[in-house]
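Dear colleague,

Please find the structure that you asked to see below. A description of the findings follows it, arranged by topic.

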Amino acid sequence: MNTPVVHLSHVRFGSDKKPVLEHLSLEVGAGHFMGIIGPNGAGKSTLLSIIAGLIKPDAGHIDLFGKCLNKRTRRKLQRDLGYLHQVQSKLPDIPLRVRDVVAMGLSSYNTSLFQGLFNDKSNEQEKITHALDLVEMTAHQTSDFRRLSGGQQQRVRLARALVRQPKLLLLDEPSAALDSRHQEKLYQLLRKLCDEQDMTVLMVEHDIAAITSYVDSVACLNKNIHYHAKKGDTIPDEVWREMYGDHVNIVAHDASCIGCAPVSHKPPHEHHHD
Amino acid sequence: MINFLEAFFTSPVMMGALFPALLIAVVTSSMSMMVLAHRLSFLTVGVSHASLAGLGIAVTLSLPLLPTAAVTAVAVALLLALMPSRQGINEDAGTGVLFAGSMALGVMLISNANSYEVDLFGLLFGNILTVSEQDTTWITWGSVFVLLALLIWAKSWWSMAFDMITAKASGIATSRLRLVLYGVIGLTVVMCVKLAGIVLTTGLMVLPAACAWFWGRSMFSLWALSLTFSIIGTLGGLMWSYQYDLPSGASIIAMLCLLFIASWLISWLKHHVFEVSHDF
């Protein structure tokens, strides 16, 4: 069997009384597109931060590309990784062109001058243009990043994550601020990258209905993986209830879907007409 | 005008001041980009005032002024870099505490020293005209070190300023490089003390990039503009000081302030008068 790109075993994060993640084990192979869903506070962003090497788990073992992720190997492994986090505050007021923002994702930006001297920079401009092309932002490449809309900024941030052509892409709610057309285009692009470039994608999203046609599997997370649904599977009702509580309304969805989507988190008697 | 320029460029006092002043202009213009990008203007205020403690220690123990002040300023800057993340204190408050504490220590030490040993006015407001050969040597070595640090780490610092989380996830040693950045800012601040004094140093650390911020669109263009504004401000300020017999540091800062106002005004006119505005 091929070495998995991501292998987590018995990962725990947080205090014993209030763990954010516990007994979490997960294995993702090359070229796999996985959606991660779960309620607020389920540990979705924490999980991506742990895989990205941003925070150290309190227990457990993590392998990336078949190598143990630890203090010594972290920076080397991060070179093959693209990460798009949730923007929690306004991005800084730095006057930069869109091209220069994307260039920050290049590996030459993350090495010292001496290491950078030995990097192949000949095709860096091509890589930037290609990444902008993928997110349909080529027309804005010389624009001031600060003057773009929220959705356009999100697409540029995605180009920054893609520009180094990572083997593993971690996306935390990448569709935030995107309109429905660009949301669909984003999922199509990620599917294409998985199929054609063998890229592995782990994507946190809330809207399972929007992603089911594109992903290979969906992990239902609430402190640990409650259910791992593969293509053709249906997520059982009890899994939804475990994740979102008893008040969730469950409707049957498209047959091609991985699971059933919760349409409301309110109990029926709380529904009222305006 | 030609007579004035001839007198200025043949004045031995001005010629002695020109080299260190221009060297400081090159270094501060380059570092001011990082100060603005990382929003560290208050850090430069804190560190420059903290250097008074270093000067006080140097005067009390008869140590060389500039190197002692440099060590103190770098130590304070590193302490500020470590304090917020480790002790759970707000960086802003930490700067205020260290700034006041070290300033108090400096005042106490200097007040005990013999008055003829310390040019307090020079320390507070700077006087590049009194720069000694030894000071120039220290400033030269300091400049080489700061420019070398920028050459090696500017891109990483830039990436960190834009998005710290993504920078860390892409393999940049953010914690370590943040410490180095604070230390280099501390060193740069001390180099400016001779020119602009403890009170006015922040002007040199902020104004060149602030002028360029309206026009630059990439790291290189911002740096080139910042350098141009800094050199014009320094040369203009020194000439102004020579012509009207004004303090050199204050004249340079005032000239940079004028350049900032002009830059802001032209940028405002460009966006609000010459382009169609959709604002209400």
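I begin with one residue of chain B. In this predicted model, I185(B) touches M31(B), V35(B), L40(B), L43(B), T44(B), V47(B) and A77(B), leaving aside residues up to four places away in sequence. The largest nonpolar core has 159 residues, and among these A73(B) and I185(B) touch the most other members. Helix α9 of chain B, residues 174-212, gives the most to this core, namely 22 residues. Chain A takes part as well: its domain 1 (6-80 + 166-270) and its domain 2 (95-164) both give residues to the core, so the core lies between them.

Domain 1 of chain A is made of two stretches, 6-80 and 166-270, while domain 2 covers 95-164. Where the two domains meet, 10 residues come from domain 1 of chain A and 9 residues from domain 2 of chain A. On the domain 1 side of this contact there are 7 nonpolar, 1 polar and 2 charged residues.

The contact between the chains comes next. Here 24 residues of chain A are in contact with 24 residues of chain B. Three elements of chain A give two or more residues to its side of the contact: α2 (74-78), β6 (81-84) and α3 (98-103). By class, that side of chain A has 13 nonpolar, 6 polar and 5 charged residues.

As to its overall make-up, chain A has 9 helices and 12 strands. Of its 274 residues, 41% are buried. Among the contacts in chain A with a separation of 6 or more, 65% join residues 24 or more positions apart.

Strand β3 of chain A (residues 33-37) pairs with β9(A) in the parallel sense over 4 bridges, and I37(A) stands opposite C220(A) in β9(A). By contrast, β9 (residues 217-222) and β10 (residues 224-230) of chain A pair in the antiparallel sense over 6 bridges. In this second pair, S217(A) stands opposite K230(A). The strands β9(A) and β10(A) form a hairpin with 1 residue between them, and K223(A) in the turn has a positive phi of about 75°.

Finally, is L134(A) buried, exposed or partly exposed? This residue, which belongs to helix α5 (residues 124-134) of chain A, has 19 C-beta neighbours inside 10 Å and therefore counts as partly exposed; a buried residue would need 20 or more. L134(A) touches A159(A), L162(A) and L189(A), not counting residues up to four places away in sequence. The C-alpha atoms of L134(A) and L158(A) are separated by 9.4 Å, although these residues are 24 apart along the chain.

With kind regards

Definitions and conventions
Residues numbered from 1 in each chain as written. Chains lettered and ligands numbered in written order. Predicted model: local features only at pLDDT ≥ 70, side-chain atom pairs only at ≥ 80, totals over all residues. Pairing = 2+ DSSP bridges. Contact = placed C-beta atoms within 7 Å. Nonpolar A, V, L, I, M, F, W, Y, C, P; charged D, E, K, R; others polar. Domains from an automatic or database assignment. Core = buried A, V, L, I, M, F, W, Y, C linked by C-beta atoms within 7 Å. Buried ≥ 20, exposed ≤ 12 C-beta atoms within 10 Å, placed from the backbone.
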